[in-house]
Every structure is written in structure tokens, then in C-alpha cells.
Amino acid sequence: MTASLPSEVQSVFDRFITTEYTTLDRKGQPITWPVTPYYRLGGGAIDVTTGLGYPKKAEDARINPHVALLFSDPSGCGLDNPPMVLVQGCAKIDDADLDANAVRYTRESVEKLPATKSMMPPKAIRRFFDWYYKRLYVYVRPERVYVWHGGDLSAEPELFGDHMEEVRSGHSEEPEEGHTNPEGGAAIWDDRIDELGTRHKTAVLSFVAPDGFPFSVRVPVRVDRGAKQIHIDAEPVGAPLEPGLACLTAHAHDPEFKWQVNFQVRGDLRRENGSWSLEPHKVVGGFELPPTSMFQRYKSSWNDVRRYRRIAKHELARRKDGT
């Protein structure tokens, strides 16, 4: 159904530098990371990738193919007032030929983000970066697409479905599957949470919809450090919010992707006194390229890089053994 979508929506898939990609882990926890989307106009799927050194984005989707892609950050896309678009779809993993995927990724990433070419390591030493360049591709075939024109959360989103004749009410009519209840336990706090509502005025809230698919939407946020709560300052029309496990992801990037930062907060989504909040249970930092010198980037990420290389080595050995 992707090719039948309005050109405005297809342009978002093609032109956005990042999309917020959500998977569900074994316990039903939504996990959202910003990734780069790759889409050809008229294509049947939207492609995203992850490195061999951090394969969880692909492995979770292999176990549960229900995923979501939210296009909510237009930085650097060059489109005038684009809509916010949510894609719910089914994922297929392509990791059969990691060397071919590395070649494809190098080509496509430079085509998509020309400024990143100067940031690539020289070919002579690129083998030391196999943990990054050997890619696992995730092909996402859309099942339903929600479009908030102008990013207006107070307006009913336009809904496009794989079976258009079944989409008459303006809401998904898939059968309910249920979702994981709040896990409970003590809330935690981390200094980085204080960036929500200040450095990051909005963040991406992800939860599990009644039909079992992840649902993501960008919302305004503010924090209450004393109460250890993150308040959701809007209830988007069309978002089937329910108490349960949730993820709140903040990220930012240079219009040419010369730097990017991101982190996520996982916890319980709760409704109290007529408003929604997230009780944080875990803060996870992502792979970042902070706006500093290349030397400082390598220095600050050295421990992470060592960990990614160990994981990549294990993944290669596992594939060689056929396990």
C-alpha cells in the first residue's frame, strides 16, 4: 500500500533524515531509537539498518515483527511544514550477506547524507569498523499509516490501511491482543532526564496499542524531579493511550547529520488526575556523535566501541557456526 499513499507522505519517507524506529522485546517493552530511513518513491517497504555490533534493533524485530516508524523530526529534510507520520508494519530482516550490506550501506548513506562522507574512516582501516559497517537491514512493510497534517496533535489523524475498505471509522479496526501491564517498582532518576522539557521540549512516546503493534507519537514533556515523574503535556487525538510499559525517546541531530545525540527512558505509563505521565525505571544512552571534535568523539566512545567490537566478533562466530 506504500505506493498508493499521497505524494506528501511518500516525500516524508524519502526526505526525512531520521525516523523513530520502535520494536518490542520479549517482555513487551517498547524500545525506540532514531535511525536513518531509506525509501525509494513507489517502493513497497521502508528500510532501516543497524550495525553488527548492536544488533538488538534487528533481533527484537526477528522475534516479534510488529514494529513502528514515526517521522516526527523534520530537521534537515527540506520540506515545508511536513506532516507527522506513523507507520505500523511488519519487519523482515536481511543479514544473509553482511559484506554486500556493508557496500550498500556505504553507498546509500553517502547518497542520503553527503556530509557524512568526510567522517568515514579511510578504506585502509575500515575493517576495524566492521562492527559498524557490516549492517543488518530491516525492511518494514507498512500495514497502517497515520498522518497528522502539520503535526497537529489536536486534530484527528488521517488513516491509511493495507485494506482500505476496512478503514471506515478513522481508527484501526484490528482485533485487540492486549499488552503488558505496568511493571511497578521504584522509580529512578538520572541527570539526563532533566534534559526533557529543557534541551528537548518534545520527545517520542512509544507504547503498545490494543492490537499488539507499537504506537509512537511526539509529545511535549516536562519533568518533576521531586516526584520522579515525566509529565506528558498533551493527549494526541488518535493515540490509543493505555497504562503499561512505555518508552520516551529524545534525540537531536545536525541538519547535515554532522552530529547526533539521543537517549531513552523506559518505564510505566500511568494516568492520574486526568493526565498522563511516565514513571522512569531505566535510562539508556544510544550510539552518539556529539558536537565535538573527532578526537573527543573517539575518546568519549572508546569503551562503547570496544563493547560493540566484542559483540560483532561474537555475532560473526555465531553465524559461522550456524547457531
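Helices (H or I, at least four residues) and strands (E, at least two) are taken as DSSP runs and numbered from the N terminus. The structure is a predicted model, in which local features require pLDDT of at least 70 and side-chain atom pairs count only at pLDDT 80 or more, while totals for chains, interfaces and linings use all residues. Residues are numbered from 1 along each chain as its sequence is written, and side-chain values use heavy atoms, with hydrogens and water left out.

Glu315 is placed in helix 5 (residues 294-321) and, at 8% relative accessibility, counts as buried (under 20% relative accessible area, with a 1.4 Å probe and protein chains only). The side chain of Glu315 is joined to that of Arg319 by a polar contact of 2.6 Å, a polar contact being a pair of N or O atoms within 3.5 Å, of which, within protein, one must be able to donate a hydrogen and the other to accept it, with residues adjacent in sequence counted only if both atoms are side-chain atoms. Beyond residues up to four places away in sequence, Glu315 touches Leu52 and Pro55 (contact means heavy atoms within 4.5 Å).

The largest nonpolar core comprises 40 residues, and Phe13, Phe71 and Val85 have the most contacts inside it; such a core is a set of buried Ala, Val, Leu, Ile, Met, Phe, Trp, Tyr and Cys residues joined through side-chain atoms within 4.5 Å. Strand 6 gives the most to this core, with six residues. Apart from this core lies another, of 32 residues, including Tyr146 and Leu196.

Conventions: Buried means under 20% relative accessible area, exposed over 50%, partly exposed in between (1.4 Å probe, protein chains only).
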